[in-house]
Amino acid sequence: MSLAAKNLRIKTGSNAITGLNDASFNINGETIEVTTFESAGWKERIAGLKDFSMSLSGFYEKDDADGQGALKTALLNGTSVPVDYLVDGSSGFRGDYLVTSMETGASPSGEVTVSFSLESTGALTII
């Protein structure tokens with residue numbers, strides 16, 4: 001069953017991050033090569049470390065103190081922030097992130113935009 005992207009919600013704690021209109025979430029797993037002479041000419045691998053990240057963008061919302069503001073504060077203080085990526089509005093993934101960048105942009109004929117990059121610190125939870 002396909003999901004409508006309009007139901008996606010991204011939260012810091014119980015607070016929605018407002019103004020967003022584009023998001024991507026990535027989970028990656030490393031592999032470690034453990035090939036030996038006994039591997040019969042085939043590479044062998046085992047699972048290594050896992051990682052997850054998120055990119056968010058949309059309209060800059062100066063009054064969103066508990067959403068966009070929490071991301072800005074985490075970036076400036078070098079602290080982690082818990083974020084929920086709720087694919088259908090209520091279930092998805094929860095993790096702690098370091099905010100690694102924030103970028104704003106503007107043009108005379110448009111809205112002020114914002115984008116955030118987040119990288120994981122710790123384990124990911126399915127919710």
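S107 is partly exposed, with a relative accessible area of 37%; that label covers values between buried (under 20%) and exposed (over 50%), using a 1.4 Å probe and protein chains only. You'll find S107 in the loop between β6 and β7. From T35 it is 72 residues away in sequence and 54 Å away in space, C-alpha to C-alpha.

Keep in mind that this is a predicted model, where local features need pLDDT of at least 70, side-chain atom pairs count only at pLDDT 80 or more, and totals for chains, interfaces and linings use all residues. Residues are numbered from 1 along each chain as its sequence is written, and side-chain values use heavy atoms, leaving out hydrogens and water.

Now for the salt bridge, meaning a side-chain nitrogen of Lys or Arg within 4 Å of a carboxyl oxygen of Asp or Glu. The structure has one, and it joins the side chains of D84 and R94 at 2.7 Å, N to O. D84 sits in strand β5 and R94 in strand β6, so the pair ties together parts 10 residues apart in sequence. Here is how the two partners compare with S107:

| Residue | Relative accessibility | Class |
|---|---|---|
| D84 | 7% | buried |
| R94 | 40% | partly exposed |
| S107 | 37% | partly exposed |

Definitions and conventions. Helix = DSSP H or I, 4+ residues; strand = E, 2+ residues; numbered from the N terminus.
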